[in-house]
Every structure is written in C-alpha cells, then in structure tokens.
Amino acid sequence: MTDYNFAYLDEATKRMLRRAILKAVAIPGYQVPFSSREMPMPYGWGTGGVQVTAACLVPEDTLKVIDQGADDTTNAVSIRKFFARVAGVETTEATARASVIQTRHRIPETPLTEGQILVFQVPIPEPLRFLEPRETETRTMHALEDYGLMHVRLYEDIAKHGEIARAYAYPVRVEGRYIMDPSPIPKFDNPKLDNSPALQLFGAGRECRIYALPPYTRVESLDFEDYPFTASKAAGQVCAICGAEDSYLDEVITDDAGGRMFVCSDTDYCATRVAAQAEDAA
Amino acid sequence: MTPLLQVESLSKFYGNHLGCGEVNFTLWPGEVMGIVGESGSGKSTLLNCLAGHMAPDTGRVIFDTRTNGPRDTVTMTESERRWLARTDWAFVHQNPRDGLRMNVSAGGNVGDRLMAVGARHYGDIRRQAQDWLGRVEIDQARIDDRPRAFSGGMQQRLQIARNLVTGPRLVFMDEPTGGLDVSVQARLLDLLRGLVRRLGLSAVVVTHDLAVVRLLADRVMVMKDGRVVEQGLTDQVLDDPQHAYTQLLVSSVLQV
C-alpha cells in the first residue's frame with residue numbers, strides 16, 4: 001500500500017460519486033451530473049471511468065482493464081497499474097475472473113455474469129451533442145422525450161449512404177425512455193448492452209456526467225422499420241490467430257505492400273481460445 | 001361550433017414597456033386572421049405569445065385540442081405545448097433559416113416533424129416528403145439537396161411544406177412573404193391561399209403588407225403601440241377604415 005487513501009480518492013469524494021451512481025442506476029440512461037475531480041492523467045484517458053471504478057472498488061475486488069478490447073495497450077496497462085498501486089486490489093486479464101472491468105471502446109466477448117460491474121470511459125455523454133449545440137436545450141429535449149432529431153440524423157444517413165452509416169457510439173433507447181450514447185463501442189457490441197446480467201456504469205470525467213444501465217435493462221438500438229439495426233463487423237473475415245467467426249475483429253496492417261490480417265480485438269477471448277485449441281490438440 | 005382559438009385579455013410587458021395589451025379575439029375553424037401594424041406595434045409579440053414561444057403576463061389562450069377539448073395553452077405543461085407545436089400547430093418564420101434545419105436535406109426537413117411524432121418507416125417518410133415537395137412546387141429530384149442550395153422563395157416554400165406535413169389545424173405565419181421579391185411573393189401567396197383553402201386550415205398571419213392581408217385573411221386586426229385599434233372583416237376594414245391610424249395605413253399603400 002501507499003500513503004494514498006484506498007483507491008486514490010478520499011472517502012468524501014467516493015461518497016459523492018456513489019450518490020451519483022445510485023441516482024444513475026435508479027434512472028437508467030439519465031445523465032447525472034457530478035463534480036468530477038482532477039485525476040493524475042489527462043482528460044480523454046479515462047478520468048471518468050477511473051473515478052467510477054475508484055468509487056466501486058472494495059479490497060476483495062479483482063480488476064480487469066481493457067482498451068479497444070486489449071489488456072496490453074498503454075491505457076489499459078497504466079490504469080491497471082494505477083489501481084494495483086493505490087488500491088492494492090488483485091488484477092486479472094481473464095474476463096470471467098474479474099469482478100470490476102473498466103473498458104474503453106469495447107464490451108468483452110465472453111458473456112458477463114451477475115455480480116460483475118462494467119465501467120465505460122465516455123468522452124461525450126450527450127447523444128444529441130452534434131445535433132443540438134445548446135446544453136440547456138438538450139436537457140429539455142431529454143426531459144420532454146423530444147427525440148425526433150435523432151431519427152433525422154439516421155434519415156440523412158440513409159438518404160446519403162443508402163444505410164445507417166453510424167458504426168460506433170450508435171444511439172440506443174433505454175427502457176423505452178432515455179436516448180443514450182453507449183460510448184464509442186462498435187455497434188457490433190450494442191446487442192450486448194441489452195438485458196445484460198452485469199451492472200454497466202458510464203463515467204465522463206471532462207463532461208462531469210455519470211449514467212448507468214442496471215442489470216437486465218432493455219436497451220434498443222435506434223433504427224427504421226424498413227432499415228433495421230444490424231450489428232456489423234468486418235464482413236466475411238475470421239480471426240487469423242484463433243479462427244473465431246463470432247468476435248469483433250481489428251484490421252492490422254502487417255507490411256508496406258498491402259499485407260493485412262484480421263485478429264480478435266478482445267485479446268483475452270483470443271488467448272483463451274488458442275489455449276483451448278492447444279489443449280484439444282494435445 | 002367551438003372556436004379553434006380564443007384569446008382573452010392577453011398582455012405582455014417588457015419591463016415597464018408594453019409589448020401587447022388587452023388583446024381579445026376568437027378564431028373559428030377554417031378562418032384566416034390577419035394582424036397588421038407597423039414595426040414595433042406588438043404584432044410579433046402577440047404571435048409569439050399565441051404560439052407558446054413566449055409566456056404572456058396576463059390573459060388566456062384557449063385552443064380546442066383534438067383529444068381534450070378547449071385547453072388554456074398558457075397554463076399547460078411545456079411538453080403538452082411542444083406536442084401541440086409539432087402536431088396541431090405550425091409556425092412559418094419570416095426568415096426560412098429560422099424555421100429550417102440548414103444542414104439537413106430537404107427530405108429530412110420535411111420528415112423532421114413526422115419523425116418527431118413517431119414515424120419510423122423510412123420509405124413512408126420519404127414518400128410523404130416527396131409528395132409535399134411536389135405540392136409546394138419544388139422539383140422532387142432535389143429531395144436530397146440542402147436548403148442552402150435553394151433560392152429564398154424555395155426555402156420559404158420548403159418551410160411551408162415542413163410545417164404542413166403533419167396536417168396541422170392552426171398555422172401561425174410571421175411575415176411569410178417578407179424578404180422576397182414581388183413576383184416570388186405573388187407565387188407564394190397563390191400557393192398559400194390554395195393550401196389554406198384546400199386543407200381548410202385556420203391561420204393567424206402577421207404582416208405589414210396590406211396586400212397579403214387582402215388576399216389571405218377573412219378578418220383583420222389592426223395594431224398600434226401594442227393595442228388593437230380596429231378589427232373586422234378584411235374588406236370592410238380596408239375599404240372603410242374607421243380609426244385614424246387604419247386610415248393612415250390604408251392611404252400609405254403605394255398605387256402603381
């Protein structure tokens with residue numbers, strides 16, 4: 001341990017955060033304002049997620065941190081080390097073993113279970129932000145369920161591109177009420193939000209907002225009746241390492257001659273499959 | 001028959017300054033009411049109070065809603081007012097830029113209100129948008145163009161299509177022909193008159209142009225310094241003005 005309080009933040013701050021989280025859980029999809037603290041990392045690196053994680057952690061927790069699905073990228077490694085140091089909690093790369101998972105831009109492929117908490121890092125919590133610049137007006141629109149504008153954007157996509165072109169941060173409707181930005185996860189992950197047994201918390205540090213999806217919440221991706229939502233990914237590709245057909249793939253450029261490969265973005269899922277295949281072969 | 005809109009002693013003050021005071025009138029279904037007066041006479045203030053853009057200080061604005069009968073729009077909740085604003089009411093701004101989404105295509109602009117009231121079928125929305133572009137004489141091939149690419153007159157017609165697509169019963173118009181040249185004005189008036197008569201709309205038209213009132217309105221209200229100085233049937237008021245100010249107004253029209 002260090003001289004820091006458990007999980008870096010002081011108890012009064014964690015209490016403030018927990019109050020915001022409880023309110024967010026009570027009103028699924030509603031953005032609860034909170035007084036975001038300065039964290040020892042720049043905005044955009046997950047200050048919101050880190051604060052939510054700090055407020056949720058107890059000494060018995062096992063923490064997993066992923067960035068774009070990977071456990072070994074800079075953002076994931078630094079946040080994992082941060083909490084290992086200031087909270088002394090056990091860390092893991094295995095989705096199934098973790099009790100708290102902080103994530104940036106992905107939901108793990110391995111299905112989550114009851115009792116797990118998934119914490120999203122959110123850059124822009126307001127789904128209406130680029131449609132309506134005034135914060136006072138977007139809040140009124142949420143309050144009055146005045147959401148026609150969101151579909152105007154989808155309409156424009158179809159008129160222009162022949163399909164809904166939005167591939168990430170695809171807007172969803174929570175329990176038939178609030179429209180929510182699911183953070184920049186690929187739309188491939190949107191179905192995993194729906195009716196998830198895990199508690200899903202969203203923290204936006206710079207924008208000072210927390211919102212939540214309690215377990216088993218109905219989450220629908222917005223669409224048109226004749227242009228239904230599709231959870232798309234790289235078409236016709238399988239993972240070059242583990243051969244998975246059902247996981248979200250990253251395209252990796254391998255040389256200067258146009259060489260490329262598609263691999264699972266979820267490194268834990270890929271490694272687990274490779275290990276299982278090795279065991280089967282042995 | 002129930003009046004569509006009943007305004008009772010409506011007043012709006014800007015501090016100590018009177019915006020509009022003690023306005024009373026009744027609008028019947030299918031009737032077009034013109035409000036004329038010079039700049040600063042309180043026409044736009046009155047219209048904004050009627051359309052719920054501004055809260056009046058005193059008075060009642062009773063609108064005959066489709067489902068709940070006559071209701072006072074001043075005291076109803078903001079969400080009810082907004083619902084009215086996208087279903088039963090329409091508001092045509094003087095400057096089409098205020099009434100259109102300039103970075104959304106023409107089709108998206110017309111479909112906006114449909115989607116706001118829950119239309120979720122792309123094909124249907126597009127068909128209706130196309131139909132309405134046709135009705136306001138905009139080439140249907142331009143459905144995916146942005147309003148920026150349209151002329152002033154086309155923008156104004158697009159604004160009208162966007163407002164009428166949900167079949168409103170009451171249209172508020174604030175200087176609908178302002179800023180257009182005379183030949184375009186004439187076409188727009190022709191179009192408006194046709195639409196209003198064919199759809200049986202009621203309308204409140206604010207203008208300083210007596211010709212617009214003559215063509216569109218059944219009845220007219222003349223305002224000066226925030227007060228209504230004269231009201232009556234359009235032809236009666238314009239041909240036989242009683243109040244000194246109305247006489248001045250009518251005699252100031254240039255004869256060509």
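Contact, as the word is used in these legends, means heavy atoms within 4.5 Å. The model shown in every view is a predicted one.

Figure 1. Leu50(B) belongs to helix 1 of chain B. Its relative accessibility is 0%, and because buried means under 20%, Leu50(B) counts as buried. Apart from neighbours within four places in sequence, Leu50(B) is in contact with Val7(B), Leu10(B), Phe25(B), Val61(B), Trp89(B), Phe172(B) and Val204(B). From Leu50(B) to Arg71(B) the separation is 21 residues in sequence and 13 Å in space, taken from C-alpha to C-alpha.

**Figure 2. Four strands of chain B form an open sheet with antiparallel pairing.** The order of the strands is 2-1-4-5. Strand 2 (17–27) and strand 5 (69–72) of chain B stand at the edges; each has a single partner strand, so one side of each lacks a neighbour in the sheet. From one strand to the next, the twist averages 20 degrees. Strand 1 (residues 5–14) and strand 2 of chain B run antiparallel and are joined by 7 bridges. Leu10(B) has Val23(B), in strand 2 of chain B, as its bridge partner.

**Figure 3. Strand 3 of chain B is largely enclosed by the rest of the structure.** This description applies because 5 of the 5 residues of strand 3 (residues 32–36) are buried. In a regular strand the side chains alternate between the two faces of the sheet. In strand 3 of chain B, Val32(B), Gly34(B) and Val36(B) point one way, whereas Met33(B) and Ile35(B) point the other way. Strand 3 of chain B runs parallel to strand 8 (residues 202–207) of chain B, to which 5 bridges join it. Met33(B) stands opposite Val204(B) in strand 8 of chain B. Strand 3 of chain B also runs parallel to strand 9 (residues 219–224) of chain B, with 4 bridges between them. Here Val36(B) has Val222(B), in strand 9 of chain B, as its bridge partner.

**Figure 4. The largest nonpolar core has 66 residues.** The members that touch the most other members are Tyr155(A), Phe224(A), Val110(B), Leu158(B), Val171(B) and Met173(B). Helix 5 (residues 148–161) of chain A supplies the largest share of this core, 7 residues. Apart from this core lies another, of 34 residues, which includes Ala20(A), Val50(A), Leu63(A) and Val89(A). When neighbours within four places in sequence are left aside, Val171(B) is in contact with Ala90(B), Val92(B), Leu164(B), Leu201(B), Ser202(B), Ala203(B) and Val204(B).

Figure 5. At the start of helix 7 of chain A, a side-chain oxygen of Asp266(A) comes to within 3.2 Å of the backbone nitrogen of Asp268(A). Helix 7 (residues 267–281) has 15 residues, which at 1.5 Å a residue should span 21 Å; the end C-alpha atoms are 21 Å apart, in agreement with that expectation.

**Figure 6. Thr103(A) lies in strand 4 of chain A, and His105(A) lies in the loop between strand 4 (100–104) and strand 5 (117–121) of chain A.** Thr103(A) is buried, with a relative accessible area of 0%. A polar atom of the Thr103(A) side chain lies 2.6 Å from the backbone oxygen of Arg106(A). Not counting residues up to four places away in sequence, Thr103(A) touches Ile66(A), Leu118(A), Val119(A), Phe120(A) and Gln121(A). His105(A) also counts as buried, at 16% relative accessibility. The side chains of His105(A) and Gln68(A) are joined by a polar contact of 3.2 Å. With residues up to four places away in sequence not counted, His105(A) touches Gln68(A), Pro184(A), Ile185(A) and Pro186(A).

Definitions and conventions
Residues are numbered from 1 along each chain as its sequence is written. Chains are lettered from A and ligands numbered from 1 in the order in which they are written. This is a predicted model: local features need pLDDT of at least 70, side-chain atom pairs count only at pLDDT 80 or more; totals for chains, interfaces and linings use all residues. Side-chain values use heavy atoms; hydrogens and water are left out. Two strands pair if DSSP finds at least two bridges between them. Helices (H or I, at least four residues) and strands (E, at least two) are DSSP runs, numbered from the N terminus. Axes are lines fitted to C-alpha atoms, for helices over the stretch in contact, and angles run from 0 to 180 degrees between N-to-C directions. The expected span of a helix is 1.5 Å times one less than its number of residues. A polar contact is a pair of N or O atoms within 3.5 Å; within protein, one must be able to donate a hydrogen and the other to accept it, and residues adjacent in sequence count only if both atoms are side-chain atoms. Buried means under 20% relative accessible area, exposed over 50%, partly exposed in between (1.4 Å probe, protein chains only). A nonpolar core is a set of buried Ala, Val, Leu, Ile, Met, Phe, Trp, Tyr and Cys residues joined through side-chain atoms within 4.5 Å.
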